[in-house]
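Open your viewer and keep the selection tool at hand. We will go stop by stop.

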Amino acid sequence: MPTQTYFEMLEMLQAESHSHRPGRHRHVCPVCRLTLQGVDRFMHLISLENVTDVDMRLQLRASGGFCNRHSYEWLKLNDALGTAIIYEDLLREATKRIEKGEFQARRAGLFGRPAAPGNPFSPCPVCLHQEEIENRVANDFAEGFAEQPRFREAYAAPGVAGLCLSHFRRVVSRLDGTIAAELSSRQQEKFGATQALLRQIIDKMDAGRKLEHADEEAKQAARSIGEEREALTRAIWQMAGLEDIN
Ligand SMILES: [Zn+2]
Ligand SMILES: [Zn+2]
């Protein structure tokens, strides 16, 4: 049964496929995009329920708060009361643990130097939730690609920028046989399209350099990057995922 996430992805791909050039506006890895949306929703939910959700408060205590990335995401929510309640608790807890000497090096053994203390905190609850969302979205993508011809067709459109490398790996590892091979060749096409634009940029830069004796204006004109500039950011997210995904 196709899920709501499947239909959201199909809609995104179809919208992208109507424009001839990838990378414009919202043309980004669909798994990155839906994952980040899910994380954002989760953080809003924590903010809404901060006073009442005992379980989340306990999790945050165990993890010593959010990880660095999610701490600053949290700060952007501008939730003064929620931040005050959660962090008053976290700081009190940390102070107690300092008092107990918990973070100090363990006493030296007979010969060795003092052992460095290990990380006493459990993983960030938002990171754990993100991992769940990412798996679910990658699953829905894989199922859609394997079972729905119109999803495959939408993904194949040249206007679709495709998955980032990390999410391609997640999805393709869930597929086999000809379907895995088909997704792989689509992915090669998507990366190939970006490479072609990057080569245009390299050629322009080279051309500018070769005009050694021309005036500055001619050099500038030769070097000016046009629409292909978008390939620079696309290349980054295709290799690293969207900003804040990990
Ligand atoms: Zn991605
Ligand atoms: Zn985190």
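Is Cys32 buried or exposed? Select Cys32 and look: its relative accessible area is 0%, so Cys32 is buried. Keep in mind that this is a predicted model.

**Stop 1: the zinc ion**

Now select the zinc ion (ligand 1). Its protein donors are Cys29 (SG), Cys32 (SG), Cys164 (SG) and His167 (ND1). Why is the arrangement called tetrahedral? The 4 donor atoms subtend angles of 100 to 115° around the zinc ion, and four donors count as tetrahedral if all angles lie between 85 and 135 degrees.

Next, trace the donors along the chain. Their spacing is C-x2-C-x131-C-x2-H. Pick out Cys32 and Cys164: this pair links distant parts of the chain, 132 residues apart. Cys32 sits in helix H2 (residues 30-49). Cys164 sits in the loop between helix H7 (149-156) and helix H8 (165-172). Cys164 is buried, at 1% relative accessibility.

**Stop 2: H6 and H7**

Select helix H6 (residues 125-147) together with H7. Their axes come within 5 Å and cross at roughly 105°. H6 and H7 are therefore roughly perpendicular to each other.

Show the side chains here. On the H6 side are Phe141, Gly144, Phe145, Ala146 and Glu147. They meet Pro149, Phe151, Arg152 and Tyr155 in H7. By class, this contact has 6 nonpolar, 1 polar and 2 charged residues.

**Stop 3: Thr3**

Thr3 belongs to the segment before helix H1 (4-17). Thr3 is partly exposed, with a relative accessible area of 30%.

Key:
Residues are numbered from 1 along each chain as its sequence is written. Chains are lettered from A and ligands numbered from 1 in the order in which they are written. This is a predicted model: local features need pLDDT of at least 70, side-chain atom pairs count only at pLDDT 80 or more; totals for chains, interfaces and linings use all residues. Side-chain values use heavy atoms; hydrogens and water are left out. Donors are N, O and S atoms within 2.8 Å of the metal (3.2 Å for Na, K and Ca); water is not among the atoms, so sites may look incomplete. Four donors count as tetrahedral if all angles lie between 85 and 135 degrees; four count as square planar and six as octahedral if opposite donors are over 155 degrees apart and all others between 65 and 115; anything else is irregular. Helices (H or I, at least four residues) and strands (E, at least two) are DSSP runs, numbered from the N terminus. Buried means under 20% relative accessible area, exposed over 50%, partly exposed in between (1.4 Å probe, protein chains only). Axes are lines fitted to C-alpha atoms, for helices over the stretch in contact, and angles run from 0 to 180 degrees between N-to-C directions. Angles under 35 degrees count as roughly parallel, over 145 as roughly antiparallel, 65 to 115 as roughly perpendicular and the rest as oblique. Contact means heavy atoms within 4.5 Å. Ala, Val, Leu, Ile, Met, Phe, Trp, Tyr, Cys and Pro count as nonpolar, Asp, Glu, Lys and Arg as charged, and the others, Gly among them, as polar.
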